[in-house]
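Here is a short report on one protein chain. Have the sequence and the structure in view as you read.

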Amino acid sequence: MQEFLFALTLSALPVVSNFMGAMIAEALPSSKQILGLALHAAAGVLLAIASTELIPRVAIAKPVWAAILALFLGGAFFVWINQLLNLSKNRLRGVDHNSVSWVIFLSIAIDLFGDGLMIGTSLTIAPHLGVVLASGRVVAHIPEGFVTNAEFKSQNMPRTQRFWLLAAFLIPVWLGATLGYWGLRGQTDLPKLIVLAFTTGTLMVAIVEEILPEAHQTQDTNLSTLTFIGSFALSMLFSSYLE
C-alpha cells in the first residue's frame with residue numbers, strides 16, 4: 001500500500017506544475033500574442049511526448065497490428081469526444097464557451113492520464129523509473145497549465161470555476177496511476193502497450209487538428225515557430241538527461 005501511495009504522490013507532481021503554469025497565466029494580462037506563444041509551446045511539448053516517448057514504446061508491441069489498431073481507435077475516440085463538445089458547447093452551464101478551450105482541457109487531461117498510467121506502471125518495474133518519468137513531466141506541464149487557464153480566462157470564465165477545473169486534473173492522473181499500478185501489475189507488455197497506443201492516438205489528433213490550428217489563429221509570428229520547436233527540443237533534452 002505504501003508503494004501505491006508513493007505512486008499517487010509522484011503522479012500528482014505534473015498536476016502541481018500544471019497549476020504553476022496556470023498561475024503564470026493568471027498573473028499576466030490576456031493577450032493573443034501570449035496565448036499564441038503558449039499554444040505553440042504546449043503543442044511542442046505534447047508532440048515531443050507522443051513522438052519520442054510514447055510511439056517508440058508502442059512500436060515494439062507484438063503483434064504490432066494490435067498497437068496500431070489501438071492508436072487508430074484512440075484518435076477516433078478523440079474525434080467522437082470533440083464532436084460531442086461541439087454539440088454541447090452552448091449548453092455548458094448556460095455559457096457560450098469556445099469549444100477549443102474544452103478540447104485543450106480534454107487533451108491535457110488525456111495527457112495526464114497517460115502520465116499517471118506510465119508512472120504507475122513503471123513503479124511496478126523499478127521505483128527509480130517512476131521517479132524519472134514523474135520528474136520529466138514536471139517541466140512539460142507548465143506551458144500546458146498556462147494554456148488551459150489562459151484559454152478559459154479568455155472566455156471570461158469565473159476564477160473559482162477555473163481553479164476547480166485545474167484541481168480536477170488530479171482525477172485523470174490518479175485514475176491512470178491506479179490503473180497502471182493495480183490493473184496492469186504483473187501483466188505482460190502487450191496490454192500496457194495497447195493502452196499507451198490508445199493514448200498516443202488521442203494526443204496526435206488533439207495536436208494536429210485542434211491545438212496547432214488554434215495557435216495559428218492568434219498573432220502568429222516567427223517567435224511562435226521558435227517557441228514551438230524550442231519547447232519540443234527542451235522537452236526532449238530534459239527527458240533525455242533524466243533517463
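## Two helices in contact

This model is predicted. Helix α1 (residues 2-27) packs against helix α7 (residues 170-183) at an angle of about 145 degrees. Their axes lie 9 Å apart. The crossing of α1 and α7 is right-handed.

Which residues make the contact? From α1 come Glu3, Phe4, Ala7, Leu8, Ser11, Ala12 and Val15. From α7 come Leu170, Val173, Trp174, Ala177, Thr178, Tyr181 and Trp182. By type, the residues of this contact are 11 nonpolar, 2 polar and 1 charged.

An α-helix has 3.6 residues a turn, so residues three or four places apart point the same way.

## A kinked helix

Helix α2 covers residues 32-58, which is 27 residues. From first C-alpha to last, α2 reaches 36 Å. That is close to the 39 Å expected at 1.5 Å a residue. Helix α2 also has a kink of about 30 degrees, centred on Ala50.

## A buried arginine

Find Arg162 in helix α6 (residues 159-167). Is Arg162 buried or exposed? Its relative accessible area is 5%, under the 20% cut-off, so Arg162 counts as buried.

What does Arg162 touch? Leaving aside neighbours within four places in sequence, Arg162 is in contact with Glu26, Asn149, Phe152, Lys153 and Met157.

## The whole chain

The chain has 9 helices and 0 strands. From the N terminus on, its elements run α-α-α-α-α-α-α-α-α.

Of its 243 residues, 49% count as buried. Take the contacts between residues at least 6 apart in sequence: 88% of them join residues at least 24 apart.

Note on methods
Residues numbered from 1 in each chain as written. Predicted model: local features only at pLDDT ≥ 70, side-chain atom pairs only at ≥ 80, totals over all residues. Heavy atoms only, no water. Helix = DSSP H or I, 4+ residues; strand = E, 2+ residues; numbered from the N terminus. Expected span 1.5 Å × (residues − 1). Bend = angle between axes of the 7 residues up to and from the residue. Buried < 20%, exposed > 50% of the residue type's maximum accessible area, 1.4 Å probe, protein only. Contact = heavy atoms within 4.5 Å. Axes fitted to C-alpha atoms, helices over the stretch in contact; angles between N-to-C directions. Left-handed = near helix turned anticlockwise from the far one by under 90°. Nonpolar A, V, L, I, M, F, W, Y, C, P; charged D, E, K, R; others polar.
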